[in-house]
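Please read this short report alongside the sequence and the 3D view.

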Amino acid sequence: MRRELPPTAGLPLRFRDLLPGGASFAKRMASWLGVEQVQLECSGTAAMVVALTAMHRLQPDRHEVIVPAWTCPLVAWAIHRAGLKPRLCDLTPNHFDMDATQLAALCGNDTLAIVPTHLAGRVADVQLAVDLAHGCGAYVLEDAAQALGAQQSGHTVGLLGDAGFFSLAVGKGLTLYEGGVLIARDAVLRDAFVRSREEVIRPSWRMGLQRALELIGYTAVYRPSLLALAYGDPLRKALAEGDPVAAVGDDFGPDIPLHPLGRWRQAVGVRALARLPAFIDTTRQQAVRRIARLRELPGITVFGDAENTQGVWPFLLLTLPTEAKRDAALQTLWTAGLGVSRLFIHALPDYGYLRDVVPDTDLPHARDFAARSLTITNSPWLRDDEFDRITQALMRALTH
């Protein structure tokens, strides 16, 4: 039987998770995160739209949102949907954090928010954004879409800034196929988010039905024996056609679904959430062992936890010394069914469909990071012998 591994470590669902009824998902999520309350949305992108819309209502004279230049293209679309303008900050060399000098230069009287981004479950430098944003009267909205369960100084990410959001999309650990969780430490912002939700979110029975069917499909297909049909074969077809953007699922349009998160899917989340802490511990232990192996390879940077942080591990993010060596590794690994992939294909200005949304500026470090990075799944389904195949392929790419 052909095995296909997912590019990220998603929490498998059980068919009994699909039973109706159950406790309040919002209360269970708030308790697990250690916050007073959470606001549930239909996706992480929808949560970002709701949050930015609320912030703009509170500060209507500000229109710019600063984001890292290498991040999910949906971030740009969310800013655009909220009627705001993205400002792109280049990265720190060979890192996903925003460059401190450029970030300071971008902040001004028109800055509504800075969005530090916790990529790959790693905790970003939020304090820098807080110092600069609050110095110019702006908010900090933490993009923790890939970091549900990550902590900084013993508290959930999303609270060092003014607000934060998580994604419950496929591959983000806990999934409801799509879903979003929005938190804020300030009661004024929480109230503003509720009012924004009433303005932005509209019922849609069609989207509710579609997401319910997709969640049932995920429950049935998310396993190594069936993932080739849903993931691997479309990936290989897109790569054969020379379309890496479609291969990683970066082909987004401006139409962002904005509808309520259905009660049945919330009930599924309650049951799955009970297994999430153990799943996070298992994947963390596996990641620590495998990162040590990868760091033995010459010239590879593997991103781990910074001081006073404890991230989550949906996948391992690493960079190779050159684009040519990265491409040589992917030539062997990307289509091998081993869960090796890329995170975001381009820096934001280099997506053709974003040319009218984001400014095309000089972003050497973001483009360099896009050109040299790859990801390795941290799914518990990745066996040690399969991980050995990955490390051997990386070594061949590095030495030839």
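Which residues does Asp90 touch, not counting residues up to four places away in sequence? They are Ala69, Asp97, Met98, Asp99, Gln102, Leu363, Pro364, His365 and Ala366. Touching here means contact, with heavy atoms within 4.5 Å.

## Basis of the model

This is a predicted model, where local features need pLDDT of at least 70, side-chain atom pairs count only at pLDDT 80 or more, and totals for chains, interfaces and linings use all residues. Residues are numbered from 1 along each chain as its sequence is written, and side-chain values use heavy atoms, leaving out hydrogens and water.

## Asp90 in its loop

Asp90 sits in the loop between β3 (85–89) and α4 (100–106). Helices (H or I, at least four residues) and strands (E, at least two) are DSSP runs, numbered from the N terminus. Asp90 is buried, meaning under 20% relative accessible area with a 1.4 Å probe, protein chains only.

Asp90 has no salt bridge. That would take a side-chain nitrogen of Lys or Arg within 4 Å of a carboxyl oxygen of Asp or Glu. The nearest side chain of opposite charge is Arg367, 7.6 Å away. For charge, Lys and Arg count as positive and Asp and Glu as negative; His and the chain ends are not counted. The Asp90 side chain does reach backbone nitrogens: that of Ala366 at 2.8 Å and that of His365 at 3.1 Å.

## Parallel strands

Strands β2 (residues 64–68) and β4 (residues 111–114) run parallel, joined by 3 bridges. Two strands pair if DSSP finds at least two bridges between them. Val65 stands opposite Ala113 in β4. β4 also pairs with β5 (residues 139–143), again in the parallel sense, over 2 bridges. There, Ala113 has Tyr139 as its bridge partner.

From β4 the chain crosses through helix α5 (residues 126–135) to β5, a right-handed β-α-β crossover. With the strands pointing away from the viewer, such a path from the first strand over the helix to the second runs clockwise.

## An open antiparallel sheet

Another 3 strands form an open sheet, ordered β7-β6-β11, with antiparallel pairing. β7 (155–156) and β11 (309–310) each have a single partner strand, so one side of each lacks a neighbour in the sheet. Strand β6 (residues 151–152) pairs with β7 over 2 bridges. Gln152 has His155 as its bridge partner in β7.

## Helix α10

Helix α10 (residues 263–273) is largely enclosed by the rest of the structure, because 8 of its 11 residues are buried. Among them are Arg265, Gln266 and Leu273. The buried residues pack against α1 (25–33), β1 (39–41), α7 (205–221) and α11 (276–294).

Note on methods:
Buried means under 20% relative accessible area, exposed over 50%, partly exposed in between (1.4 Å probe, protein chains only). A polar contact is a pair of N or O atoms within 3.5 Å; within protein, one must be able to donate a hydrogen and the other to accept it, and residues adjacent in sequence count only if both atoms are side-chain atoms.
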